[in-house]
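Here is a short note for a colleague who is opening this structure for the first time. Please read the points with the chain in view.

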Amino acid sequence: MTASGQNLKFQRIITFTSVILFGIKISAWYMTGSVSILTDALESTVNIFTAFLGLYSLYLSAKPRDENHPYGHGKIEFISAAIEGVLISVAGLIIVYEAIINLRHPHALQQLDFGILLISATAAVNYLVGFWAVRLGGRNKSPALVSSGKHLQSDTYSTVGIILGLLVIRITGIAWLDSAVALLFAGIIMVMGYGIIRSSLAGIMDEADEELLREIVAVLQENRQENWIDLHNLRVIKYGSVLHMDCHLTAPWYFNVHQAHEQVDKLGRLVRDNFGDNVELFVHTDGCLPFSCKICSKQDCHVRQSDFVARIEWTVGNISADNKHRID
């Protein structure tokens, strides 16, 4: 199964799970009357909405490119993640509002033991599903699936806080702790929502992914070939689970078209072996110039015009620049 197919299948699991857990939380609120459980259930309505939204976005991103979308439909995942982040933040604000209302007008809680048992079960399921979603989404480079997983994990953290608060209330009988716990975890939810919005907007704006660039440069540096005299103007853009990469590769000037293309193929295989098959690689080949001799370690060059001085180590900074490397 392709990476896109795996993402879509797992998003279906998330959607089904979100609906079931929402029903359990509503039941727990109805039995206990706890505002903490109510706000947790309200946050789960966002889970349901975003689960369906994520499912649709992954369906679109899995579609092949067409005339109107020559780079595919992967960016819908960033839009989905941005909306999800906004909804998470709004859910946090709703929790704050409900908690403040309950502080002003407190009421007694009922059947706490059974309510705690129910939401404890939802917390365990949420965390496990969220953990696997983040892991699979990270492996398949899917921001929509990662954001869905983080959302489920944030729901778990708020639920755990609610469980602890309800346990304290069960022991001490201090009713206002119900609202205090809800306020605390509303803050956590809003911070996580901001993080999801920030990362999704970065993807929409094609912001450079420094961590990914460092990984790619490290692989290129470790496996560079002697015929790869220079590599520069490296750019990487993510469209959902698809990685678009382009660069300029300097090869010996006397290579014919087939020999130069062979070096491009080697570069492509290296990138795909390390970052998956969902990679589009566009390489512009340059012929070396006289100043390239000083950084070229090729042993069997019969047209060398100056001695080899030193090999320039590729870094994110110098490999991204649109300039051939040289030693003056």
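1. A contact here means heavy atoms within 4.5 Å. Among contacts in the chain between residues at least 6 apart in sequence, 73% join residues at least 24 apart.

2. A word on the basis. This is a predicted model, in which local features need pLDDT of at least 70 and side-chain atom pairs count only at pLDDT 80 or more, while totals for chains, interfaces and linings use all residues. Residues are numbered from 1 along each chain as its sequence is written, and side-chain values use heavy atoms, with hydrogens and water left out.

3. The overall layout. The chain has nine helices and three strands. Both are DSSP runs numbered from the N terminus: helices are H or I with at least four residues, strands are E with at least two. In sequence order the pattern reads α-α-α-α-α-α-α-β-β-α-β-α.

4. Burial and surface. Of the 328 residues, 46% count as buried. Buried means under 20% relative accessible area, exposed means over 50%, and partly exposed lies in between (1.4 Å probe, protein chains only). The chain exposes about 16400 Å², and carbon and sulfur atoms supply 62% of that. Accessible areas come from the Shrake-Rupley method with a 1.4 Å probe; for residues, only the protein chains shown count as cover.

5. Which residues have the most contacts inside the largest nonpolar core? They are Ile216, Leu220, Leu231, Leu234, Val236, Met245 and Phe275, in a core of 24 residues. Helix H7 (210–222), strand S1 (230–239), strand S2 (242–251), helix H8 (257–275), strand S3 (279–287) and helix H9 (316–320) each supply at least two of its residues. H7 gives the most, with six. A nonpolar core is a set of buried Ala, Val, Leu, Ile, Met, Phe, Trp, Tyr and Cys residues joined through side-chain atoms within 4.5 Å. In soluble globular proteins, nonpolar side chains tend to be buried together.

6. Leaving aside neighbours within four places in sequence, Ile216 is in contact with Leu234, Val236, Leu243, Met245 and Phe275.

7. Now the surface. Tyr127, Leu128, Phe131, Trp132, Tyr157, Leu184 and Ile188 form a nonpolar patch, with about 670 Å² of accessible area together. Helix H4 (112–139) and helix H6 (177–204) each supply at least two of the patch residues. H4 has the largest share, four residues. Phe131 lies in H4 and is partly exposed, at 35% relative accessible area. Patches are made of residues with over 30% relative accessible area and no salt bridge; like charges are joined within 9 Å, nonpolar side chains (Val, Leu, Ile, Met, Phe, Trp, Tyr) within 5 Å. A salt bridge is a side-chain nitrogen of Lys or Arg within 4 Å of a carboxyl oxygen of Asp or Glu.

8. Asn126 sits in helix H4 and counts as buried, at 2% relative accessibility. Not counting residues up to four places away in sequence, Asn126 touches Leu21, Lys25, Asn47, Leu152, Asp155 and Thr156. Gln153 belongs to helix H5 (residues 143–172). Gln153 is also buried, with a relative accessible area of 12%. Neighbours within four places aside, Gln153 is in contact with Tyr127, Gly130, Phe131 and Val134.

9. How many aromatic pairs does the structure hold? There are three. Rings of Phe, Tyr and Trp (its six-membered ring) pair if their centres lie within 6.5 Å; planes under 30 degrees apart count as stacked, over 60 as edge-to-face and the rest as tilted. The rings of Trp253 and Tyr254 have centres 5.7 Å apart and planes at 85°, so this pair is edge-to-face. Tyr254 and Phe255 also have ring centres 5.7 Å apart, with planes at 75°, so they too are edge-to-face. Ring pairs link Trp253, Tyr254 and Phe255 into a cluster. Trp253 is exposed at 52%, Tyr254 is partly exposed at 32%, and Phe255 is buried at 17%.

10. Last, Leu103. Leu103 is placed in helix H3 (residues 76–104) and is partly exposed, at 41%. Leaving aside neighbours within four places in sequence, Leu103 is in contact with Trp176, Ser179 and Leu183.
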